[in-house]
Amino acid sequence: MSERLKEQQEMERKLAKAAKQLDHFERARREEEVPLLNQLYAQRMEEDRAMHEEQQAAFLAAHRAAWEVDVQEKARLATMLPEKAAFAAAIMARREGEFKVGDMRRGARARDGRRMRARGGRRVRARRAPNTQHAWGSHTFVHALVAWKHAGLPHF
């Protein structure tokens, strides 16, 4: 039994010695690799910097080209500004005329309502001359055209 114990202890010492030797070799290898790793890191940093500069230059060139196209488009569209202003003024005049006509209609309805309330709620239909009736509607359409004309708006 003691012989077996001695063999086991001897194996443990050999194993410890091998582990110690392996650690020594591993540490030496790492110490030798440190300068190589530093060199590899510096090389990779230089490549990344060069790639970044190339990408930055490409971006700036594309941005400059887009800006030049935008400036040319602005100059081309600047020639249309008077027409744009005239078009906007025509639309505003038309809308103002429509508003005035609508305002006149609202005023007429309000007056009619006041008249009706003044009469005690009785609705009295105005008699129309036969020539005021048209195929496209009642005489209110004619009143709208007259209001449109008095507002100084062009008719279509």
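**Figure 1. Overview of the chain.** The secondary structure of this predicted model consists of three helices and zero strands, helices (H or I, at least four residues) and strands (E, at least two) being DSSP runs numbered from the N terminus. Along the sequence the pattern reads α-α-α. Residues are numbered from 1 along each chain as its sequence is written. Because the model is predicted, local features need pLDDT of at least 70 and side-chain atom pairs count only at pLDDT 80 or more, while totals for chains, interfaces and linings use all residues; side-chain values use heavy atoms, with hydrogens and water left out.

**Figure 2. Confidence and surface of the chain.** The mean pLDDT (the predictor's confidence in each residue, from 0 to 100) is 81 for the chain, and 74% of the residues score at least 70. Confidence is highest in helix H1 (residues 2–78), with a mean of 91, and lowest in helix H3 (residues 139–150), with a mean of 62. Of the 156 residues, 5% count as buried; buried means under 20% relative accessible area, exposed over 50%, and partly exposed in between (1.4 Å probe, protein chains only). The chain exposes about 14,800 Å², of which carbon and sulfur atoms supply 59%. Accessible areas come from the Shrake-Rupley method with a 1.4 Å probe, and for residues only the protein chains shown count as cover.

**Figure 3. The length and bend of helix H1.** The 77 residues of H1 should span 114 Å at 1.5 Å a residue, and the end C-alpha atoms of H1 are 107 Å apart, which agrees. The expected span is 1.5 Å times one less than the number of residues in the helix. At Glu33, H1 bends by about 35°, and a proline, Pro35, follows within four residues. The bend at a residue is the angle between axes fitted to the seven residues ending there and the seven starting there.

Figure 4. The structure holds ten salt bridges, each a side-chain nitrogen of Lys or Arg within 4 Å of a carboxyl oxygen of Asp or Glu. One of them joins Arg27 to Glu31, with the closest N and O atoms 3.3 Å apart. Both residues lie in H1, four residues apart, about one turn of the helix, and both are exposed. Another joins Arg76 and Glu73, at 2.6 Å from N to O; these two are three residues apart in H1 and thus separated by about one helical turn. Arg76 is partly exposed, with a relative accessible area of 44%, and Glu73 is likewise partly exposed, at 35%. Glu26, Arg29 and Glu33 are linked in a network of salt bridges.

Figure 5. The side chains of Arg94 and Glu98 meet in a salt bridge, at 3.3 Å from N to O. Both residues belong to helix H2 (residues 81–118), where four residues, about one turn, separate them. Arg94 is partly exposed, with a relative accessible area of 34%, and Glu98 is partly exposed, with 40%.
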